[in-house]
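Here is my note on the model you asked me to look over. Please read it with the structure open.

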Amino acid sequence: MKLLYIIQVLGVVGFVASDSGTDWSYSYETRWPSQCRSGSQQSPINIMTRSAILDTFEAHIRGPLVFRGYGDVNLHAVNTGRTLKWMVDEDFDAPVLSGGPLRGNYTFVQFHLHWFSEHAIDGMKYPMEIHLLHVKTGLTVAQALKRPDGLAVVAVLGQVRADEDSGYNFHQIVDQLPSLENPTSGAGLPITLDLSRLLSPERQSYYTYHGSLTTPDCQEVVTWIVHDRTIPVSDSQYKMFRQVNVGGVDTYRSLQPTNRVVYRSAASSLTASSPVGILAALLALTSTLKTGMSSGICFISNLKRKFFTEASKVCPAAK
């Protein structure tokens with residue numbers, strides 16, 4: 001069983017993340033092979049929050065996501081020439097993901113980075129996106145690539161912050177960047193990482209859909225779990241990532257058609273209570289005011305002022 005797992009991990013690392021060599025480039029996506037051009041459920045996509053189905057009755061998302069063993073994980077890092085990738089050391093137990101939209105357990109294989117983000121939410125791209133790739137436990141690589149549920153990828157979005165104290169999440173891998181500035185064909189640098197620091201602070205708040213790998217051969221075998229709460233990366237850290245030689249400035253695939261059902265977890269509905277959501281709701285009220293327009297607008301304005309701790313104005317009485 002141990003030997004089978006080692007073969008499985010090595011196979012997935014070599015096949016799924018086939019981002020070495022010179023057979024494809026982010027600059028020439030139209031030349032990508034296989035399902036990258038012929039597939040009908042490709043990734044990444046633009047996730048529209050209003051179109052995402054809230055799975056209130058857990059028809060698709062059955063219970064919470066369960067992350068096991070994401071503490072200290074033994075990995076080795078490599079600059080593949082297209083991205084920076086950290087692969088699990090097959091001599092140690094790997095983390096396991098289950099729950100949510102997944103049926104069964106999924107074993108962690110590797111994580112890698114994209115800048116800018118590959119997915120967008122309501123048309124908004126983010127500076128960085130982390131992909132944590134998992135293979136369905138018990139499957140060989142050949143089996144996983146033939147099953148629509150063969151792989152699961154957790155996507156975490158990174159947001160740049162000016163505050164240097166916001167670099168906690170990425171600090172442990174930034175220390176390796178000087179040794180990863182240029183592509184290498186070696187086995188990579190060993191490191192022990194706390195992967196939980198690279199996960200969203202709200203692990204149960206996410207969108208999920210069926211899609212593909214975002215690198216050739218773009219097999220449509222992925223259950224995507226895209227967290228909607230970002231983790232911070234400091235401005236200086238982000239500049240260090242973009243200075244790494246990965247064959248180009250940006251390492252992301254273009255958005256693909258959103259021609260399928262996207263579900264959102266119950267926790268993601270809380271975003272409607274965010275400051276932006278509140279202000280949007282307040283502004284929407286102006287279109288329904290039929291009388292006392294000036295008073296109503298003043299009232300809404302005062303609510304916004306109160307929200308931002310500003311002094312209120314005296315409103316005229318409604319006529």
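1. Basis. This is a predicted model, in which local features need pLDDT of at least 70, side-chain atom pairs count only at pLDDT 80 or more, and totals for chains, interfaces and linings use all residues. Residues are numbered from 1 along each chain as its sequence is written, and side-chain values use heavy atoms, with hydrogens and water left out.

2. Aromatic pairs. The search of the whole structure gives 10 aromatic pairs. Rings of Phe, Tyr and Trp (its six-membered ring) pair if their centres lie within 6.5 Å; planes under 30 degrees apart are stacked, over 60 edge-to-face, and the rest tilted. Phe-170 and Phe-241 have ring centres 5.8 Å apart and planes at 75 degrees, so this pair is edge-to-face. Phe-170 lies in the loop between strand 10 (151-161) and helix 4 (171-174), while Phe-241 belongs to helix 5 (residues 235-242), so the pair ties together parts 71 residues apart in sequence. Helices (H or I, at least four residues) and strands (E, at least two) are DSSP runs, numbered from the N terminus. Phe-170 is buried at a relative accessible area of 0%, and Phe-241 is buried at 0% as well. Buried means under 20% relative accessible area, exposed over 50%, and partly exposed in between (1.4 Å probe, protein chains only).

3. Helix 5. Besides Phe-241, the buried residues of helix 5 include Gln-237 and Tyr-238. Viewed down the helix axis, the buried residues of helix 5 fall within an arc of 100 degrees, so they line one face. The arc is taken from the directions from the helix axis to the C-beta atoms. These buried residues pack against several elements, among them strand 5 (84-88), strand 7 (106-114), helix 4 and strand 14 (231-234). Contact here means heavy atoms within 4.5 Å.

4. Cluster and charges over rings. One aromatic cluster is formed by Trp-24, Tyr-26 and Trp-32. The charged end of Arg-82 sits over the ring of Trp-24, 4.0 Å from its centre. Elsewhere, Arg-197 lies over the face of Tyr-168, at 4.0 Å from the ring centre. The criterion is NZ of Lys or CZ of Arg within 6 Å of the ring centre and within 35 degrees of the ring normal.

5. Disulfide. Which cysteines does the disulfide join? Cys-36 is joined to Cys-218, with an S to S distance of 2.0 Å; the cut-off for a disulfide is a pair of cysteine sulfur atoms within 2.5 Å. Cys-36 is in helix 2 (residues 35-38) and Cys-218 in the loop between strand 12 and strand 13, 182 residues apart. The torsion about the S-S bond of Cys-36 and Cys-218 is about 90 degrees, so the disulfide is right-handed. Both Cys-36 and Cys-218 are buried.

6. Strand 12. In strand 12 (residues 206-211), 5 of the 6 residues are buried. Strand 12 pairs antiparallel with strand 13 (residues 222-227) over 6 bridges, and Tyr-207 stands opposite Val-226 there. Strand 12 also pairs antiparallel with strand 15 (residues 263-264), over 2 bridges, with Thr-208 opposite Tyr-263. Two strands pair if DSSP finds at least two bridges between them.

7. Strand 3. Strand 3 pairs antiparallel with strand 6 (residues 96-99) over 4 bridges, and Val-66 has Ser-98 as its bridge partner.
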